[in-house]
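Visitor: Could you walk me through this protein, starting with its open spaces and then moving on to how its parts pack?

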Amino acid sequence: MMQQYLALKSEHPDHLLLYRMGDFYELFYEDARRAAKLLDITLTARGESAGAPIPMAGVPFHALDSYLARLVRAGETVAIAEQVGTPGLGKGPVERRVTRIVTPGTVTDSTLVDPRRETLLAAVALADHGAATQAGVALVNPSAGTVVLRDLPVVQLAAYLARKGVAEIIHGELATASLRSQLGVDAPLRSRPDYEFTPQRGSAELTEALATATLGHLDLDRAPQAMAAVGAALAFVRLVNGGTRLPIATVTVERASDSIEMDAATLRNLEIVQTLSGEPAPTLLSMLDHCETAAGSRLLRARLTEPPRAVAMAQKRHDAVSALGTDPSVPYLRVREFLREASDLERIAGRIAMASVRPRELAGLRSTLTVLPDLAALLATSEDALLRELGGALTVTPQWRDLLARAVAEEPALALRDGGVIAAGYDADLDELRAIQTDSGTFLAALETRERERTGIPTLRVEYNRVSGFFIEVTQSYANQVPADYKRRQTLKNVERYLTPELKTFEDKALAANDRALARERQLFDDLLQRLQPALDGFRRAGAALAELDVLANFAERADAMALRRPCFVSSPCLELSGARHPVIESLVDQFIANDLRLDSKRSCVILTGPNMGGKSTYMRQAALAVIMAYAGCFVAATQATLGPIDRVLTRIGASDDLASGRSTFMVEMTEAAAILHRATPNSLVIVDEIGRGTSTFDGLALATAIARRLISKAQSLTLFATHYFELTELANDFATCVNQHVSVIEHGDRVVFLHEVKAGPASRSYGIDVAKLAGLPAEVIRDARRELERLERERTHVSAQGDLFAADVTSGDALTAPIQGESSPISRFVDDMAALDVDDLSPREAHAKLAELVDSARQIS
């Protein structure tokens, strides 16, 4: 048996091998150790190998799905070896072989995938493995049977995969080193033979998967590199499915102009789908996702991470959202009641195509097909064109609903192996076999009565379970009264279980009927899936319409609940918001201060100054969220919003060390800034927050100034630039399109109060020490900081080096390299220290220590 195991393991060395043994799936050696940690199961040992016990761990076969789900979430790939031979035949162990491989990117089973997230496999092909500049990506969605192709520059590859949220990435062997150094996604990477990454292989695999004679109608010439990747992707899916080819329903060739571009840093900084700490809430998605269906949630996630750039489509969606909120004939509350009863048609259709659908999913499909006509009729009464169009897509031929009503039981079993899936009356042979099992209840009741009378044992029972079969159960107190023809089958703590010749004969008959019934159900179920194949396109079309309708109804509900307003689109680049709010932060505070914003070709850059905690980052982020929501088809958190064409949302907000890649905080900052400068256009929204802090003051100031100048003069993008470098406020004097704004603060005694209001003009000062005091720094540290600040400000009044940074002649060298003049004398510093003392704030111990310090200073001066 171990030789058989090791032979199978040698074929799958990188996978966890689950080896079926009776009622368990066992793991051995290092697989057992890994699985024990990941699944929190017991690690045992059996037998010996090279004089050492063999590590072993196992999971029950009936609980496999729950354990598989945990392994897939941990990024593991699992090979499942099933018993395919008949036990007892032959001298060796029962034959086993790997029947399927479960990987994070190819899993389709409803119990293993997140219903509200897409599971995507990405294949990446490089144009030139040496110094590639172009890459092709094929995204395969096994659950839906869809393929997306995209050619793009290699520098945009990581951002693209991050937006898509891929679960697994495959690539050619020669591309391993270059790809791993560029991709920052968390998905597992897997190398495949380079011969699979060819356009010829891609064309052949795609033709087979689509079951067509030609691919000419797909416009694949726009993605030649992706065609080299798709062959490897489809071949990999076929491999893990034991040779079964994935049927493909649709192939889409994406273009860069299809959606608003956002890189991984922007998605992270704006907290679209996860917080900066990696949590799923509170985020924009968690605030907006009140969808009734899993398909609606998946579509909403896609719209927020890749908002479609087409203004006309966004306006159509806004029309539909408005109609759902105001049209009494089609209220969103009524629509959501229908959606609450809908199953995931898209994924069910995909599983029917792969013959992996579960019985209860077919019952859910039947229920959904039953309510679709009423929902379609409701939408047909709407005055909105998009809603009527969606209603038309919900039309499915009634014959499929009728077929499912006849074939599938009202409440089918969870798994086909349990029986009870096919409805009574659908097949005469199955009904006859079930009758034998049904009659067994009458027989067992009569047998129990007879045996009680024969033996005189009042507690005697005749029962059945799946483990022991049929048996007569007698308590230990009556064990000495059982007749001689009773043969002991099982001994438990308080009872004995027996078998009689009569019961054995009946058991053989009943169990044979049960086995034959299960086999007949399997045959009928497979035939049913084949009969449903012609309906799959209609199911997918209806599923897509339900998802779109769910998102629109969800937007209407959110608009009411969150006081969102419909945005307007214009043809010139601009972003104008009145009473704008941050939808996530607003939900977390008692009172949110709304602010206005205006960016256009005559006012393209706002230099934003003010203290930390004043609200600068919130102000900038809420502008970006308004753009994303508007283009996604949602209303926005503002009293009025006007948007022009936006092609990208680019951000540089905060930074931390990237230790894994050997990059410092400053290097991360500069890398993100470089990406912005290379990609920003006049139609881009750019957000820069506190750049240049990770180096010396003058270096940081110089870089921040140069970056701001480039964005204003060259890129001419719509820019929000927050900074603590007050020298940058001078840019408003150099560029007519640059303005200063600040977040307001009022001082009350020795305290500051943040008003969170954005007003015109630069801030008066930074209030950094006041923020530090709020953070709880010791009072002595705060006092020392104030003294040092006063000294630096006095010195600065005598220095021209940094006072007029922008007017300085760089070639003369007197701007940044002039020596500091006006150094204060020891006596003046002593007087300053005395004047800075707050005697009312000193404890006796602190006063004594300060007095000793001043005496030492006075002696040094003298």
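Visitor: How do the residues lining the second largest pocket divide into nonpolar, polar and charged?
Guide: Keep in mind that this is a predicted model. The second largest pocket has a volume of about 1,400 Å³, and 43 residues line it. By class, its lining divides into 19 nonpolar, 11 polar and 13 charged residues.

Visitor: Which element gives the largest share of the lining of the second largest cavity?
Guide: This cavity has a volume of about 40 Å³, and its lining includes Thr-293, Asp-344, Gly-543 and Leu-546. Two elements give two or more residues to it, helix 13 (345-353) and helix 19. The largest share, 3 residues, comes from helix 19.

Visitor: At what angle do helix 15 and helix 19 pack?
Guide: Take helix 15 (residues 385-393) and look at who meets whom: Leu-386, Leu-387, Leu-390 and Ala-393 meet a set in helix 19 that includes Ala-542, Ala-545 and Leu-549. The residues of this contact are 8 nonpolar, no polar and 2 charged. The crossing is left-handed. The two axes are 8 Å apart, and the angle is about 145 degrees.

Visitor: In the open sheet of 4 strands, what is the order?
Guide: Strands of a sheet pair through backbone hydrogen bonds, either parallel or antiparallel. Here the pairing is antiparallel; for instance, 4 bridges join strand 14 to strand 16. The edge strands, each pairing on one side only, are strand 13 (461-465) and strand 15 (487-491). Reading across, the order is 13-14-16-15.

Visitor: Which helix packs on the sheet by touching strand 13, strand 14, strand 15 and strand 16?
Guide: Helix 17 (residues 428-455) lies across strand 13 and strand 14. The one touching strands 13, 14, 15 and 16 spans residues 501-532, and that is helix 18.

Terms used: Residues are numbered from 1 along each chain as its sequence is written. This is a predicted model: local features need pLDDT of at least 70, side-chain atom pairs count only at pLDDT 80 or more; totals for chains, interfaces and linings use all residues. Side-chain values use heavy atoms; hydrogens and water are left out. Two strands pair if DSSP finds at least two bridges between them. Contact means heavy atoms within 4.5 Å. Axes are lines fitted to C-alpha atoms, for helices over the stretch in contact, and angles run from 0 to 180 degrees between N-to-C directions. On a 1 Å grid over the protein atoms alone, a cavity is a set of points where a 1.4 Å probe fits but cannot get out, and a pocket is an open set with protein on both sides within 12 Å along at least five of seven lines; lining residues have an atom within 4 Å of a point. Grid points are joined across faces, edges and corners, and a volume is the space filled by probe spheres set on the points. Ala, Val, Leu, Ile, Met, Phe, Trp, Tyr, Cys and Pro count as nonpolar, Asp, Glu, Lys and Arg as charged, and the others, Gly among them, as polar. A crossing is left-handed if the near helix is turned anticlockwise from the far one by less than a right angle, and right-handed if clockwise.
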